[in-house]
Amino acid sequence: MKNLHVEIDQHSGFCFGVVYAIEMAEEILDEQGYLYCLGDIVHNDEEVSRLTRKGLRIIDHQELKQLTNEKVLIRAHGEPPSTYELSIQNNLTLIDASCPVVLKLQNRIKNSFDKDETIYIYGKHGHAEVIGLLGQTNNKAVVFQDISELDIPSLPKNLTLYSQTTKSTDKFYEINQVLRENGITVNTNDTICRQVSNRDKELREFADKYNKIVFVSGTKSSNGKVLYNVCKEKNPNTYFVSNPDQIEESWFNQNDSVGICGATSTPMWLMEQVRERILTF
C-alpha cells in the first residue's frame with residue numbers, strides 16, 4: 001500500500017442549475033417510470049447512464065418532432081423558442097429545468113434583439129446553451145469562440161456583447177478591452193455565472209495543496225476542459241479521468257497527497273468512487 005492521503009474538493013460537483021434539473025427528472029421518474037429528455041441532461045456519461053437505468057430516455061431534436069402527447073424535460077442549458085413552438089403543435093408537456101441564470105440571459109438577448117442591437121456572443125459554436133441564445137435572435141447574432149475569429153477592422157462601430165454563462169470572466173474582459181482599443185463602442189453585458197467562474201480561483205488554490213490532482217469530468221463537458229487546464233497550469237501532476245477504471249497506480253508515489261476535483265457537471269458520487277479506487281493502491 002502506498003499510504004496515500006486523498007481528499008475531495010467540496011466546492012466541486014454539480015452547479016445549482018444541474019442539481020435542479022436532475023431533481024426534477026428523478027421526481028418524475030419515481031412517479032411514472034420514464035421521462036424523455038431533450039439532449040443529455042448533463043455532460044457526464046456516468047450520470048446519464050445512471051439516470052437512463054432509472055428510465056430517462058434521451059432524444060434529439062429530430063426525435064422530438066415525431067413525439068406527441070408526452071412529457072419532455074428541458075435541461076439546464078435552455079432551448080430556443082422553436083422548441084416551445086413545436087411542443088404546442090405536438091401537444092407535449094415541457095418540464096422546463098432551464099437554469100435561471102440561462103433564462104435571464106435569454107431574456108436580455110431577446111430584449112437587445114428587439115431593440116435592433118448588433119449582438120455578438122462569446123461562446124462555443126454548437127453548444128446547447130448557445131443554440132438557445134441564438135434562437136432569441138432568429139439566429140442573427142454572431143457567435144465566436146475566440147477573438148481571432150473576428151475581422152476587427154470590419155466590425156460595426158457599435159455592438160452589444162454577451163457571453164455564454166460558463167465562459168472565462170478574464171477572457172471575456174480581455175475581449176471587451178481589445179474591441180474598445182480598436183475604437184469600437186461596446187455595450188458590455190457580463191452574463192457569466194459566478195458559481196462557475198469562481199471555480200477558477202478556488203481550483204487554483206485547491207490544486208496547489210496536493211502532490212497529485214485527479215480531475216473527474218465527462219469528455220463532452222466544455223466547463224470540464226477549461227477547469228482541468230486551470231488545475232494543470234497550477235499543478236502539472238494533474239490527471240483527467242471520466243471514471244475510476246481510468247486511474248493508474250503508477251501516477252502515485254509513496255505517501256502522496258492526492259486532491260480530487262471536477263466540473264460543474266461531475267456528480268459527487270463519481271468523485272467518491274474515484275477516491276475509493278485510489279485508496280486501494
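I looked up Lys54 and found it partly exposed, at a relative accessible area of 33%. The classes I used are buried for under 20% relative accessible area, exposed for over 50% and partly exposed in between, with a 1.4 Å probe and protein chains only. The model is predicted, so I kept local features to pLDDT of at least 70 and side-chain atom pairs to pLDDT 80 or more, while totals for chains, interfaces and linings use all residues. Residues are numbered from 1 along each chain as its sequence is written, and side-chain values use heavy atoms, without hydrogens and water.

Lys54 forms a salt bridge with Asp30, with 3.8 Å between the closest N and O atoms. I count a salt bridge when a side-chain nitrogen of Lys or Arg is within 4 Å of a carboxyl oxygen of Asp or Glu. Asp30 lies in helix H1 (residues 16–32) and Lys54 in the loop between H2 and S3, so the pair ties together parts 24 residues apart in sequence. Helices (H or I, at least four residues) and strands (E, at least two) are DSSP runs, numbered from the N terminus. Asp30 is exposed, at 60% relative accessible area.

**Other salt bridges**

I searched the whole structure and noted twelve salt bridges. One of them joins Glu26 and Arg50, with the closest N and O atoms 2.9 Å apart. Glu26 is in helix H1 and Arg50 in helix H2, so this pair also ties together parts 24 residues apart in sequence. Arg50 is partly exposed, with a relative accessible area of 21%. I traced a salt-bridge network that links Glu26, Asp30, Glu47, Arg50 and Lys54.

Elsewhere, Asp146 and Lys171 meet in a salt bridge at 3.9 Å, N to O. Asp146 sits in the loop between strand S7 (142–144) and strand S8 (158–163), Lys171 in helix H7 (residues 169–181), and 25 residues separate them. Both count as partly exposed, Asp146 at 26% relative accessibility and Lys171 at 31%.

**Strand S2**

Which residues of S2 lie on each side? I found Leu35 and Cys37 on one side, Tyr36 and Leu38 on the other, and all are buried, so both faces of S2 (residues 35–38) are covered. In a regular strand the side chains alternate between the two faces of the sheet.

S2 pairs in the parallel sense with S3 (residues 56–59) over four bridges and with S4 (residues 71–74) over two; pairing requires at least two DSSP bridges between the strands. Leu38 has Ile59 in S3 as its bridge partner, and Tyr36 stands opposite Val72 in S4.
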